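Trainee: Can we go through this one together? I'd like to start with the strands.

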Amino acid sequence: MEFWIQPCAPCADLYGQPATVEPHDTLTLNGTGAVKDATTEEHYTCLRCGGVFARLLSGPSSRQIWMLLNAGQH
Ligand SMILES: [Zn+2]
């Protein structure tokens, strides 16, 4: 498993937002070669806190959100 990170403020804000929201400035798009299907999902890594996001781009609109994959849950 990946280690758990403590999300920085922009990541905490982005978590759970609709996928139509633009990534904040320290998020970088991961290489699409590693993604199984880049048309349905994009992965981003935050340079500030190391948070890894999945931006879900397919399925029901209620599921097209920004998911933080490695944040600790409280
Ligand atoms: Zn962050």
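Trainee: Which residue in β4 does Arg-55 stand opposite?

Mentor: Arg-55 stands opposite Trp-66. Keep in mind that this is a predicted model: local features need pLDDT of at least 70, side-chain atom pairs count only at pLDDT 80 or more, and totals for chains, interfaces and linings use all residues. Residues are numbered from 1 along each chain as its sequence is written.

Trainee: How many bridges join β3 to β4?

Mentor: 3 bridges, with β3 and β4 (residues 66-68) running antiparallel. Strands are DSSP E runs of at least two residues, and helices are H or I runs of at least four, numbered from the N terminus. Two strands pair if DSSP finds at least two bridges between them.

Trainee: And what about β2 and β3, in which sense do they pair?

Mentor: Antiparallel, over 5 bridges. Thr-45 has Val-52 as its bridge partner in β3. The two strands form a hairpin with 5 residues between them, and Gly-50 in the turn has a positive phi of about 85 degrees.

Trainee: Which β3 side chains are buried?

Mentor: Phe-53 and Arg-55, which point to one face. Buried is 20 or more other C-beta atoms within 10 Å of the residue's own, exposed is 12 or fewer, and partly exposed is in between, with C-beta atoms placed from the backbone.

Trainee: Switching topic: why does Thr-39 count as exposed?

Mentor: Because Thr-39 has 9 C-beta neighbours inside 10 Å. Thr-39 is in the loop between β1 (27-29) and β2 (41-46).
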